[in-house]
Amino acid sequence: MRLKVEFTTEPFELDGFPEHAKTARRVVDEAGLSVEVGPFGTSAEGTAEQTLAAIDRLVRETLAHGATRISLQVSVIGENGEPIADGEGAG
């Protein structure tokens with residue numbers, strides 16, 4: 001199974017890149033996930049084992065580096081990176 005996690009960490013800083021955001025990026029990079037950075041958040045995908053381990057580390061380490069809120073969304077995706085349709089793979 002492949003998973004995609006989309007996340008943001010707060011507080012936002014307009015004048016720089018906060019330590020908690022740098023930490024989040026480092027965690028997903030070190031986990032070996034495929035990463036895309038967007039204007040409102042970051043997404044990363046990989047195997048379920050990789051992604052779940054990265055989520056645990058991401059939450060713990062970003063909180064330790066000043067995050068006051070972490071928003072996460074986790075989706076099951078197909079091998080092509082596209083979300084799996086409702087009912088597909090259920091069981």
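Predicted model: local features only at pLDDT ≥ 70, side-chain atom pairs only at ≥ 80, totals over all residues.
Numbering starts from 1 along each chain as its sequence is written, and side-chain values use heavy atoms, with hydrogens and water left out.

As for confidence, the protein chain has a mean pLDDT of 90, with 92% of its residues at 70 or more; pLDDT is the predictor's confidence in each residue, from 0 to 100. In the protein chain, E2 has the lowest confidence, at a mean of 93, and H2 the highest, at 97. Helices (H or I, at least four residues) and strands (E, at least two) are DSSP runs, numbered from the N terminus.

The sheet is an open one, with 4 strands in the order E2-E3-E1-E4 and antiparallel pairing. Its edge strands are E2 (34-37) and E4 (69-77), each of which pairs on one side only. From one strand to the next, the twist averages 20°. Two strands count as paired if DSSP finds at least two bridges between them. Going through the pairs, E2 and E3 (residues 42-47) are antiparallel over 4 bridges, and Glu-36 has Ser-43 in E3 as its bridge partner. E1 is joined to E3 by 6 bridges, again antiparallel, with Leu-3 partnered by Gly-46 in E3. E1 and E4 pair over 9 bridges, in the antiparallel sense.

Then come the helices. H1 (residues 19-30) packs on the sheet and touches E1 (2-10), E2 and E3, its direction making about 165° with that of E1. Contact here means heavy atoms within 4.5 Å; axes are lines fitted to C-alpha atoms, for helices over the stretch in contact, and angles run from 0 to 180 degrees between N-to-C directions.

The axes of H1 and H2 (residues 48-64) come within 9 Å and cross at roughly 160°. That makes H1 roughly antiparallel to H2, a label for angles over 145 degrees. On the H1 side, the contact residues include His-20, Thr-23, Ala-24 and Val-27, while those of H2 include Ala-54, Leu-58 and Thr-62. By class, this contact of H1 with H2 has 5 nonpolar, 3 polar and 4 charged residues, where Ala, Val, Leu, Ile, Met, Phe, Trp, Tyr, Cys and Pro count as nonpolar, Asp, Glu, Lys and Arg as charged, and the others, Gly among them, as polar.

How values were computed:
Parallel < 35°, antiparallel > 145°, perpendicular 65-115°, else oblique.
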